Amino acid sequence: MEFNHVHKSKKRVDVYEKVTGRAKYGADMRFPDMLYAQTLYTKYPYAEIKNIDLGSAQKQNDVEAIITAEDVPNNKFGVIIENQQVLAEDKSLFIGDGIAVVAAKTAKAAGRAVELIDVQYKELKGVYDSLEARKEGSQLIHEENESNQVIHHPLRKGNVKQGFLESDVIIKREYDTPFIEQSYIEPEAVVAVPYQENSTITIYGSIQNPFATQEAVASVLKEKLNKVRIVQNHMGGSFGGKDEVVSSMAARAAILALKTEKPVRLVNTRDQSIKESYKRHPYKMKYKIGATHDGRLKAMQIEAVADSGAYACQTPFVTWRSVVQATGPYEVENVKTDTYGFYTNNIYTGAMRGYGSPQVIFAQESLMDELAEELDMDPVQLRLKNIYHNNSITASGQKLDSHQVSLKEVLTKAVEKSDFIEKYNRYKKEQPGDKKRGIGLSISFRGCSLGAEAIDAAGIILSLKKDGSVNLYSGLAENGQGLKTVYCQMAGEILGLDIDRINFMEVDTLISPDSGSTVASRATLIGGNAVKKAANNLANRIKKFIAERYEQTEGDIVLKDGTIYGKKDIEIMSIAEMSSKAAMEGVYLTSYGWYVSPEISWDEETGQGNPYFTYVYGCQVAEVEVDIKTGEISVLKMTAAHDVGRAINPANVKGQIYGGVMMGLGYGIMEELKTNQGYIQNTNFDEYLIPTVKDMPDIDPIIVENPDPDGPFGAKSIGEPTLELGAAAIANAVANATDKRIRSLPINLEQIIVGRKLSKGGE
Amino acid sequence: MQKVKVSLTVNRKKYNLKVDPDERLLDTLRDRLHLFGVKEGCSIGECGACTVILDGKAVNSCMVYTFQIDGSQVLTVEGLEIDGRLDPLQLSFIEHQAVQCGFCTPGMLMSAKALLNKNPNPDKEAIKTAIEGNLCRCTGYQQIIEAIEASTKKDGSE
Amino acid sequence: MIEFEALKPQNLKEALAVLKEKGMDIKILAGGTDLLVEINNNSDRLGDFKYLMDISSIKGLDEIENKKEHLIIGALCTHTQISESELIKRNFPILIRAAKTIGSTQIRNRGTIGGNINNGSPAADLITPLIALKGSVILKSKNKKRELPLQDFITGPYKTDRKEDEIMTKIKIPKITSDYQSSFQKVKRRQAVAIARINLAVVTDIKKKRFNDIRVVFGSATPTAIRFLKIEKRLKQAHINELDLESIAEQTGQEMVEITGERWSTPYKKPVVGNLLIRALQEIIREVQ
């Protein structure tokens, strides 16, 4: 198919302001009389708050207001289970809980006042281990519950007992993964402006999901949704991270703004950000797998336990995605999985790019290599024997028949391009010297969009102006990934307009259609379908207008290059001219596109159903060099093959692959948020290490395109699949290099040398 | 705290300021001069988002007190553009899709600019060294390197 | 929140006069790449101070001088300056290798050798090679000037022998003959902007295929960077082709544990210090053969 605007590496529509420093981010917003807010955090992870004395803080110069839990109209919020405290009320439940927030004329004054707030605590003995929290009789984090269990997702298919009986080889392994910080470079920032126009409160800032924040703020303020307005600024990265934590900050700032009737700015430092923002869930996983001698998988049994930290946040959904992906993209007749989340007094956990998949993929794909080793097969062969094809039945009983199941294609392409087999066999042999090379791979299937988590729909408004330019209003938001550009390309394709004629308006809940959250790699797929619908509506209206007046039939009219063509390619007039004429005649030139995803299903009792309407497939190959004398690992090369359906903007797709690969590399070999009895030990980028440019391997992106019938122009997803595979591939490469299997992330210096993690305070 | 008189040239414009002793160059640029292209990401010199060129060298503006640099020349991302014309580096970042969320971009540009001022034809390793102190979580750095490499070639041919 | 007044003496004389008067209330600020971090973090290590005295623009303290017997490096020389110095490259390439691993370009552009030393971090990347080079530091006060070996100047983790009225003005390194070889090793958790998990400097001359004057200094392995005298003794006069590598590695680990005792990091560091020394020795031997 020939395209004019999509399937092309168009320049980003938001890039000019970003390279010139003009782009305004949350912390750059300034309003007259704006106050600066500072949060006082709890001193102990788990403590009773006996008394809060604000006296001397309130007397400080320039302090205008201080709030505590008492000032919060409705102190508990949450998307799934409403138990997150805006400010700690009777107890602090984790080290990032806020106790009070000060608003002052200067940031310094607010900082000083925070230090003068006198809080009396009674320190309590907390629970800091998810397996401890699971035990009967364990201290209850939320006393209203009967246990610390947030969620349990069972999945039952076939008969695992029987499956293991039929297996020739059975292996059991345990894997675990750490807390991970999203590490967006921009710390959270919000400004709450009271009584602006006819909204009670308007929040500007670094907000991943304006509608989720709107709901949270409205519920906390006990205000109507239509009185709470959220405007998203440019956002300095989020990766799932700027949701609940930002909602909580927005609510605090809003209360202060209403109290003082002045704009209130609340911006985190990096230390505050790492301390208070939720993390990726640590998982403890037990896998048991059975196979025949010739490598057919017969049964798989999995138990995965996630640490939810102090609040439920998104644990029920994060762990649900794990259920679907836990067995990997393999045909197994007999499956039993149990995925749990438990409350602890650790930092709470929520969304981060990947969302419950990187953990299970690390385990699953390590396990496949371990099984291959056991069966004396090569890792590719074992996988090829068991992977999904068209019409395969998944662990949840879904028949994959709506789209091209391209696992074999991505696997083969990545394996061939990286010279996997030759290298794998070569590196397996004894290598001279201290530096050992290894190669490893991992594959995945990933459900696109929300799946059975929630209703999956999105809307777009297009408004054609008299001069032929267009405003695009979207409910899904730019997080940095390039959504604005992709939407403009899609609208431009249908309307025959260059993307510089289309202006993507900032997401503003005042006008943008509520489309849920920009998460789950759903924006191109779901929002893109909405763009297509809106643009088709508008194009049809243009065609109708022309057909009625210029003796054309709608079917003959083509919109291209800003011009309207009729029968036999006759140029009728420019879209600009038509817009002006139509406007004068009172023709309505605004269109709406609303897209609801195809039907899906899920049975919570059995874990059976069709959880997603389509999937993407990926394979990554890692080549590493391990210094067995120091434990240092260099990732030399990553080959990443991803089926994206269709690449609307190939340069952006590559950008997603490069970035996702690096995040996966961090997960594999260096990142770990360390906690000790609930205290966080690495609260800035000097100790929480993310990859620098020098850690970058040679990255070879392979874009595979099998247009999906349900995707706009065939497009599906790319954001998350790129990150979920790296750690597993690296772990397999390290095993290939050193003959040592490391089952705990990150694979750091100590693990290579000592075989386990070491930490201050000992383990 | 007693204020200190400092005169600075920022983006070719001279300023006479009275600053607090604990006012960092970052604070001066953002809060006084409203050069919001200078970003604060970590406050301890680890992320490079606040990178500016100080007397010809890339520095973290969070690691400098303004009172230390009386008489100095400072260039921020806002100063790259001259009379509405973007610097070749900025154009190259646009061309090579080197920007995603954009938060690290100003710092990246300034680190790269300082390098190219000193060495118009750096090799890839020198480019990496120049931006090793600029963390980016979105791009995986690849397209940023491509953008800088491309503008070195341009510089070389001119 | 830390509050202070700024002092900005115009020259060394003025700075020393101010220090004489109220040195006990003064923190000295040079490149700021450590101090500003500690101020930002409200670090306990800062102690109480009323004034921050900026010496970063004092003239004459950022020069590298070539003396007959010594190379003198001004305390305000930045890591970038050191990395790019031809004089240092010719005399002590190990210093360049170490300086290039410090922080990032931005940090190296501000951070100074004097600051690196005075901060006294056990992981400081310049202290290790400077001790191996038998460097000494020159401290000036209003009426006095003294010189002492760097090894003695560092008295503990983040602790030095600097008196309140003193400024470190220079670092003095005795020249070595061209038959000296050196090696710098650094173990990092990532490839750049990384604090040394362990660093190692080895400086030695080899005479008739035997180590002669050999100095082995580890950083970040012991509370302060120090010479490992026992292993030095064992290696002195050892023939480079007849080294029992395994046992040398083993002994190095033991020497570390004798100093530190068993700590949480010992299971990792004990074998790795030995491995690193072997690597450094092999590198040096390769160089001479």
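Contact here means heavy atoms within 4.5 Å. We're working with a predicted model, where local features need pLDDT of at least 70, side-chain atom pairs count only at pLDDT 80 or more, and totals for chains, interfaces and linings use all residues. Residues are numbered from 1 along each chain as its sequence is written, chains are lettered from A and ligands numbered from 1 in the order in which they are written, and side-chain values use heavy atoms, with hydrogens and water left out.

**Exercise 1.** Work out what share of the contacts in chain C with a separation of 6 or more comes from residues 24 or more positions apart.

*Solution.* Take the chain C contacts with a separation of 6 or more, then pick out those between residues 24 or more positions apart: they account for 64%. For burial, 61% of the 289 residues in chain C are buried (under 20% relative accessible area, with exposed over 50% and partly exposed in between; 1.4 Å probe, protein chains only).

**Exercise 2.** Check the span of helix α15 (residues 523-549) of chain A.

*Solution.* Start with the rule: 1.5 Å times one less than the number of residues. Just past α15(A), A:Glu551 has a positive phi of about 50°.

**Exercise 3.** Decide whether B:Thr9 is buried or exposed, and find its contacts.

*Solution.* Next, its relative accessibility is 16%, so B:Thr9 counts as buried. Finally, skip neighbours within four places in sequence; B:Thr9 then touches B:Lys14, B:Ser72, B:Gln73 and B:Val74.

Technical notes:
Helices (H or I, at least four residues) and strands (E, at least two) are DSSP runs, numbered from the N terminus.
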